[in-house]
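User: I would like to learn how to read this model. Please take me through it feature by feature.

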Amino acid sequence: CSIRENTSEKRMLAKLQRTEKLSAVGKLASGLAHEINNPLGTILCYVRLLQKSLSRDAAAHGDLEVIERQAKRAHGIVREMLDYARPKTEQTASCDLQELVGRNVALFSVQAEKKKVALYSDSAGSLPRISADESAVEQILSNLILNAIDAAGEEGWVRVATSYSEETGRVYLEVSDSGPGIAEEQKHQIFDPFYSTKDVGQGTGLGLTVVYGLVQENGADIEVSTETGAVFSIGFRAEE
């Protein structure tokens, strides 16, 4: 009888399968984006023309607002698809993760307060700069924080923590919430395009897909677990 530990092999295989899936969808997205955006632009143009030609109290204004809102939503989905479908380039930039966390926590604190969610940051002292593009890290933060606020629910909390490990040479970003967490059977699906646990119309299912693409693009690693709620942990390379 022999026993062999193969957890790391399974994780590597799952990562490879996810990367291949995103690559295939990315190629499809980049090919369709132009064809989809053209008619959407035309629809929005004619909506605005009709809005100008109608009197302010016309009942049709409400219908036109619905058309405009849904066309903009479709345009947003296409834009998010292109965020990870665009050609990847080697990243040589660096940024201050603590500064970005402070900026984004302050930015989304009003939105969290409206939903009665306590949003706060927790830093483990001074951290080295990370080897990552600043705009990419801001997009990662905004997606994770917004998802966490939605998951936390009223009277819940969202914690954005940073730390550094000399052993791995990486700076860690951890976003956790007090929500219901992620079921074990869903963990391998959450980064898939268009997969969402939110109600219809509440999300595109592309936020975490974009996060995964940006994490890979910047040479970082991401892990997801469940404690009191969902925990997303990203390890960025420390600047040398």
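**Reading the fold**

Analyst: Start with contacts, meaning heavy atoms within 4.5 Å. Among contacts in the protein chain between residues at least 6 apart in sequence, 73% join residues at least 24 apart. This is a predicted model: local features need pLDDT of at least 70, side-chain atom pairs count only at pLDDT 80 or more, and totals for chains, interfaces and linings use all residues. Residues are numbered from 1 along each chain as its sequence is written, and side-chain values use heavy atoms, with hydrogens and water left out.

User: How many helices and strands does the protein chain have?

Analyst: Helices (H or I, at least four residues) and strands (E, at least two) are DSSP runs, numbered from the N terminus. The protein chain has five helices and five strands. Their order along the sequence is α-α-α-β-α-β-β-α-β-β.

User: What share of the 240 residues counts as buried?

Analyst: Buried means under 20% relative accessible area, exposed over 50%, and partly exposed in between (1.4 Å probe, protein chains only). In the protein chain, 37% of the 240 residues count as buried.

User: Which residues of α4 are buried?

Analyst: The general idea is about turns. An α-helix has 3.6 residues a turn, so residues three or four places apart point the same way. Helix α4 covers residues 134-152. Its buried residues include Val-137, Ile-140, Leu-141, Leu-144, Ile-145 and Ala-148. Among the elements that cover the buried residues of α4 are α3 (97-114), β1 (118-123) and β5 (230-237). Just after α4, Gly-153 has a positive phi of about 75 degrees.

User: Which salt bridge does Arg-103 form with Glu-134, and where do the two lie?

Analyst: A salt bridge is a side-chain nitrogen of Lys or Arg within 4 Å of a carboxyl oxygen of Asp or Glu. For Arg-103 and Glu-134, the closest N and O atoms are 3.5 Å apart. Arg-103 lies in helix α3 and Glu-134 in helix α4, so the pair ties together parts 31 residues apart in sequence. Arg-103 also meets Glu-138 in a salt bridge (3.2 Å, N to O). Glu-138 lies in α4 too, so this pair ties together parts 35 residues apart in sequence.

User: How many salt bridges are there in the whole structure?

Analyst: A search finds 10. Another one joins Arg-129 and Glu-239, with the closest N and O atoms 3.8 Å apart. Arg-129 lies in the loop between β1 and α4 and Glu-239 in the segment after β5, so the pair ties together parts 110 residues apart in sequence. Shared partners join Glu-99, Arg-103, Glu-134 and Glu-138 into one salt-bridge network.

How values were computed: The expected span of a helix is 1.5 Å times one less than its number of residues.
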